[in-house]
Amino acid sequence: METPQEKPGLSTAKVVGIVIAAMLLTMAGTLFIIKIWLFPGPFEPVVLSKAEEQQLERKLERFGQIGGRSQRTQPDRQRELPTEEDLKPEPYSEEGASREIRLSEREINGMIAQNTDLAQKMVVDFANDLVSVKLLIPVDPDFPFMGGKVLKVKAGAELAFRGDRPVVILRGISVMGVPLPNAWIGGLKNIDLIQEFGADPGFWKGFADGVAAIEVRDGSLRVTLKE
């Protein structure tokens, strides 16, 4: 008497096992996405090398920075008192003064990381004609639904110099990865803010009138001021 042959295919136990495994993977993926979306971790601060720190120090000295390198690196963040050199009387002169400001993306983020209020909460990115910012904003615990959570906000703006004037165009703002509608940000998306508001007295006109050149490249920013 011949024994019945097993039908080809997966057994019931194998099918159940595959379904359970798929459910577990789906749940794990969902929990991971929820964690990233609702509980974003702090940004890793940019730590400048000794050479980068010295180069930044020289640039800040040109801007009249009071206090030396230790002011920005000491753990307690206490502000140093002005030195005798800082308070030395001298006649004002613009002779030989450079009107150009050059800062790298790492230098900007390094200075942000040394600010106790912004460390691990803000990072800046420079790309060609584009400045992007990421912010982590804590929500008040009493706020409905999102109370106690941390919102991840991203924004990008085109920053360039064309036609003998600066160009500032907001490219968008997103919250938790969701781009906000243009109507929610005052209809300012993809509008040249200087062209829109630079004709009237105020910040944008003053900003445009004082800038001779702007260049944003991958990892760097250069601004030249007018006399």
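**Around V216**

Mentor: Among the contacts in the protein chain between residues at least 6 apart in sequence, 46% join residues at least 24 apart, where a contact means heavy atoms within 4.5 Å. What you see is a predicted model, in which local features need pLDDT of at least 70 and side-chain atom pairs count only at pLDDT 80 or more, while totals for chains, interfaces and linings use all residues. Residues are numbered from 1 along each chain as its sequence is written, and side-chain values use heavy atoms, with hydrogens and water left out.

From the N terminus on, the elements follow the order α-α-α-β-α-β-β-β-β-β-α-α-β-β. Of the 227 residues in the protein chain, 24% are buried, a word that stands for under 20% relative accessible area, with exposed meaning over 50% and partly exposed in between, using a 1.4 Å probe and protein chains only.

Now look at V216, which belongs to strand β7, residues 211–217. V216 has a relative accessible area of 0%, so it counts as buried. Leaving aside residues up to four places away in sequence, V216 touches F126, A127, N128, D129, L130, V131, L159 and L221. The C-alpha atoms of V216 and S104 are separated by 9.8 Å, although these residues are 112 residues apart along the chain.

The strand partner comes next. β7 and β8 are joined in the antiparallel sense by 6 bridges, and strands are said to pair if DSSP finds at least two bridges between them. Within β8, L221 is the bridge partner of V216. The hairpin of β7 and β8 has 2 residues between the strands, and G219 takes a positive phi near 90° there. On to another partner of β8: strand β1, residues 100–104, pairs with β8 in the antiparallel sense over 5 bridges, and L103 stands opposite L221 there.

V216 also has a place in the largest nonpolar core, which holds 18 residues and in which F126, L159 and V216 have the most contacts. Such a core is a set of buried Ala, Val, Leu, Ile, Met, Phe, Trp, Tyr and Cys residues joined through side-chain atoms within 4.5 Å. The elements giving two or more residues to this core are α4, β2, α5 (193–197), β7 and β8 (220–225), and β7 gives the most, with 3 residues.

F126 shows how these elements come together. Again not counting residues up to four places away in sequence, F126 touches a list of residues that includes L103, S104, E105, I108, V216, G219 and L221. E105 and I108 are among the buried residues of α4, as are E107, N109, G110, I112 and A113. Helix α4, residues 105–113, is largely enclosed by the rest of the structure, because 7 of its 9 residues are buried.

Finally, consider the sheet that includes β2. Its 5 strands form an open, antiparallel sheet in the order β2-β3-β4-β5-β6, with β2 (122–127) and β6 (178–179) as the edge strands, each pairing on one side only.

Technical notes: Helices (H or I, at least four residues) and strands (E, at least two) are DSSP runs, numbered from the N terminus.
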